[in-house]
Amino acid sequence: MTGRTDLATALPRPLGFVLGGGGSLGAVQVGMLLALAEQDLVPDLVVGTSVGAWNGVVVALDPKTAPRRLGDIWPQITRQMVFPGGPLAQLRTLQQEKTHLFPNTGLRAVLHHYLPRAATFADLSLPFAAVTMDVATTAPHVLLEGPLEPALLASAAIPGIFPAVQVEERRLYDGGVVANVPLMQALHLGARSLVVLDAAFPGRLPTPPETLAEALLFTAVVTMRVQATLEAPYAATQVPVVYLPGPEIQRVSPLEFDHTALLLEGGYQEARAFLETVQVAGPGLYGSPSGR
């Protein structure tokens, strides 16, 4: 079965887009969104973790223009913007703060590129959830209302990399630690079909780390893979789960932003080819977090 109308019709509504974390690998999701737009697949709700929450909030703000807008934003982002300072600055931050290598001041600045027109969840066009982890319970904590800035900073607060974020009475870290691909959270919000945009090279190992920051993120990514591998088949017993394939793995650190064009194009080409041939017929897993 091919064609735009067939695939869009085969996925029951509400359709949820699920965007996983992966640092700078989030550029892959931009290519995936471009391919989804070609199939006229527009979500009814969006759930994201970490960089997936940042990409996802742009989709929730305006799903029609999001692929183009993200395609404009991503090439402007540099490592220095997100992870300011060299090794000495990181060491000073670690000595002073004890818990992390980078301040989140760079993230705050980048956020203004993402959300020039939205300050709260209520400003978005679609229901949107940012997934975090509650430090006190280590359980996923889903943010659905209130100001967007602390929610997005919390969802991207990778332990050891960035500081935890206080939201009301809770201290929150990056949701990727416990729900990097938030399938269950999307089901809890009422989705009857899911399209999964996993940024972290599904089925392929990340590049070996060479710095402390990369080692922390490497460990997190390996742990995150287990969650998606376990939850995707379970979710697929209830609803159709279209799990988009990632591009062939590149020797790209999730902390580097100088391969955006390569990742975006790879995400687009792989998702486009997959979407043109996938046949959806009821609940099931179409594609896989463990690769093809």
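**Entry 1: the whole chain**

I began with the surface of the protein chain, which comes to about 12000 Å² of accessible area. Carbon and sulfur atoms hold 57% of that surface. I noted that this is a predicted model. Next I looked up the secondary structure and found 12 helices and nine strands. The chain has 292 residues, and 54% of them count as buried. I then checked how far along the sequence contacts reach. Among contacts with a separation of 6 or more, 78% join residues 24 or more positions apart.

**Entry 2: the cores**

I looked for nonpolar cores. The largest one has 76 residues. Which of its residues touch the most other members? They are Trp54, Tyr114, Phe128 and Leu244. H3 supplies the largest share of this core, with eight residues. I also found a second, separate core of 21 residues, with Ala179, Val181, Ala228 and Ala235 among them. I set a general remark beside this: nonpolar side chains in soluble globular proteins tend to be buried together.

I went back to Trp54 and listed its contacts, leaving out residues up to four places away in sequence. Trp54 touches Leu107, Val110, Leu111, Tyr114, Leu152, Leu153 and Ala156.

**Entry 3: H3 against H8**

I turned to the pair formed by helix H3 (residues 51-61) and helix H8 (residues 148-155). Their axes come within 7 Å and cross at roughly 145°. The crossing is right-handed. From H3, the contact uses Ala53, Trp54 and Val57. From H8, it uses Leu148, Leu152, Leu153 and Ser155. I sorted these residues by class: six are nonpolar, one is polar and none is charged.

I checked Ser50, in the loop between strand E2 (45-49) and H3. Ser50 counts as buried because its relative accessibility is 6%, under the 20% cut-off. Beyond residues up to four places away in sequence, Ser50 touches Gly21, Ser155, Ala156 and Asp174.

I moved to Thr132, in strand E3 (residues 128-134). Is Thr132 buried or exposed? Thr132 has 0% relative accessibility, so it counts as buried. I listed its contacts with the same exclusion of residues up to four places away in sequence. They include Ala139, Pro140, His141, Leu143, Ala151, Ala154 and Ser155. Leu172, Tyr173, Asp174, Gly175 and Val178 are also touched by Thr132.

I then looked up Gly106, which lies in helix H7 (residues 105-114). At 8% relative accessibility, Gly106 counts as buried. I took its C-alpha distance to Gln80 and got 8.0 Å, for a sequence separation of 26 residues.

Where is a cis peptide bond found? It joins Arg13 and Pro14, with omega about 0°. Pro14 sits in the loop between helix H1 (4-10) and strand E1 (15-19).

I found a positive phi, near 60°, at Asp40. Asp40 is in the loop between helix H2 (27-38) and E2. Its relative accessibility is 45%, so I marked Asp40 as partly exposed.

Thr138 also has a positive phi, near 60°. Thr138 belongs to the loop between E3 and strand E4 (140-143). With a relative accessible area of 48%, Thr138 is partly exposed. The cut-off for exposed is over 50%, so Thr138 does not count as exposed.

Definitions and conventions:
Residues numbered from 1 in each chain as written. Predicted model: local features only at pLDDT ≥ 70, side-chain atom pairs only at ≥ 80, totals over all residues. Heavy atoms only, no water. Axes fitted to C-alpha atoms, helices over the stretch in contact; angles between N-to-C directions. Helix = DSSP H or I, 4+ residues; strand = E, 2+ residues; numbered from the N terminus. Left-handed = near helix turned anticlockwise from the far one by under 90°. Contact = heavy atoms within 4.5 Å. Nonpolar A, V, L, I, M, F, W, Y, C, P; charged D, E, K, R; others polar. Core = buried A, V, L, I, M, F, W, Y, C linked by side-chain atoms within 4.5 Å. Buried < 20%, exposed > 50% of the residue type's maximum accessible area, 1.4 Å probe, protein only. Areas by Shrake-Rupley, 256 points an atom, 1.4 Å probe, with all protein chains shown as cover.
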